[in-house]
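Q: I have a model open and want to learn how to read it. Where do we begin?

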Amino acid sequence: MSSRAASVSEKAQADNYFCEVPNDPCAIVMFGASGDLARRKLLPALYDLAIHACLAPRFRLLGFARTEMTDDAFRDEARESLSKDGAKGNEGTLDGDFLKHLQYFSGNYDDSEAYARLGRKLDQLDQQGGLGGNRLFYLATPPEVYPRIVEQLGKSGLAKPKTKDSWARIIIEKPFGHDRDSAQELNQRVLQVFDESQVYRIDHYLGKETVQNLLVLRFGNGIFEPLWNRNYIDHVQITAAESLGVERRAAFYESAGAMRDMIQSHVLQLTSLVAMEAPATFEATPVRNEKIKVLQSIRPYREDIVAKSVVRGQYGPGSVKGTSVAGYREEPGVKPRSSTETFVAMKLLVDNWRWSGVPFYLRTGKRLSQPETEIAIAFKRAPHVVFHGEAVEPNWLVLNIQPDEGISLSFGAKAPGSQMHIHPVTMDFQYRRAFGAGSREAYATLINDCIRGDATLFDRADSVEAAWALVDPILESWRNDPAPPFPNYAAGSEGPRAADELIASEWRRWRPLA
Ligand code: NDP
């Protein structure tokens, strides 16, 4: 065991992951610290990094929000959410040491005096704690507040690194804009204050182990990449299914819908990773350059293509895992005649040498029968049927992103017996079984990357805008064309019939939600 391994907590050793070298000391200023995301995701992610020896022993977390709160009250809230999250320290109890690093700062997001006080507070923390002037600003407020915070960070001088050896970075939560114009405007405002190299636009899907493993699978193995093209692949299915409804986020969801909330961000990110060419190195600029080329190669959605290739749906009442649930229009905070889509299925074509003629079928929805995110690659069938009368299934390579992270490959095997019957079987790799329980939460991975200054898994200004440029014409077409009669699928089903017809019209079918 290395001396570093011996010095980390038993928890970190048991999970079989810890940072060999702790990150730079820094102050993390979390705007919107009183909110849902901070409680449910960000505090647990930082706690996870702390107990796995990734945060420098001297880090400080400063919660910033309008709600008046003392440091102790903020720590109590953090303790409660960490306990709920099941985040435990060495002996099965919360490691209270983490809480000592938390402080709270109350202020209005557009009050320049509050930012002057924040600056003084950060200077004081630097002097007391030797933080080296390093600052990470995390925007976890509703998106309409982002421009005001960015402007104030600029005016107060906090956006600039304090010294030539320190850094200042900003993580901006999704959604980044509401359409291409608003994303462009937000980019302009952010880039008036920060340099692009300081900006980390987060999409937490990219922090998931299996998503990153897709790149290792493709580019770190000799057997897959030679087959990864139109000569061998029949089609690709990308599914991001949720069994949950709109939960507490109705106000946001009503103005977003599945196209903005899922397709524009997570699902197009996954598509880019499946379809991209090998980057020269696994560093931010080469990886991002290859990803944006995919977005730029996707056939644009003209109005006639939208009508043929994109299906929208909205759930009605139904039953999920044996429990009766309300329809979308009956959810609290949703308009009784809402035309917001909670489901999208679409066909996408990537017009380049690698993918020409290979359809990508994308599907996402709320209140479906099972929660499941997967990328499924269907290879072409064997061209020559040697075994008369036997229907040969295509080989599937399936990357399960959630809930059970892993990869499986299906192929035909001879079923035992005197007859030549072909039976599909699978080879399975499961993350948990192979590597134990140490798979890290996506937010922890991404915050860690940002502190290390690695932007590979974050979005660049041009690719956010390119993703909006793709979906904007679909949204525009829907605005001009009244929604189909909603609701058009029952909660707990696999989506509207029109989605099945979309893929069946090309002699294919969706993989069942497992
Ligand atoms: P919240 O609605 O919980 O807001 C966070 C905090 O921002 C609130 O506690 C409040 O703090 C402040 N706030 C709320 N509304 C306003 C307003 N109108 N004007 C100024 N301040 C306001 O948001 P979430 O925590 O759910 O989300 C934060 C960001 O993260 C959003 O951009 C969201 O889209 C994104 N996100 C959230 C996810 C989630 O699961 N929650 C998932 C993915 C992304 P105070 O009043 O104390 O200032």
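**Cysteines, a strand and a tyrosine**

A: Begin with the cysteines. This is a predicted model. The sulfur of C450 has its closest cysteine sulfur in C26, 8.5 Å away, too far for a bond.

Q: How many disulfides does the structure hold?

A: The general idea is a distance test: two cysteine sulfur atoms must lie within 2.5 Å. Here the count is 0. For C26, the closest cysteine sulfur is that of C450, and 8.5 Å is too far for a bond.

Q: Is C26 buried or exposed?

A: Buried means under 20% relative accessible area. C26 has 1%, so it is buried. C450 is buried too, at 0%.

Q: Which strands pair with β7?

A: Read the sense and the bridges. β14 (residues 372–379) pairs with β7 in the antiparallel sense, over 8 bridges. There, A240 has T373 as its bridge partner. β13 (residues 359–365) pairs with β7 in the parallel sense, over 6 bridges. Q237 has its bridge partner Y361 in β13.

Q: Where is Y253?

A: Y253 sits in helix α9, residues 250–275. Y253 is buried, with a relative accessible area of 2%. Beyond its neighbours within four places in sequence, its contacts include V246, Y328 and K366.

How values were computed: Residues numbered from 1 in each chain as written. Predicted model: local features only at pLDDT ≥ 70, side-chain atom pairs only at ≥ 80, totals over all residues. Heavy atoms only, no water. Buried < 20%, exposed > 50% of the residue type's maximum accessible area, 1.4 Å probe, protein only. Helix = DSSP H or I, 4+ residues; strand = E, 2+ residues; numbered from the N terminus. Contact = heavy atoms within 4.5 Å. Pairing = 2+ DSSP bridges.
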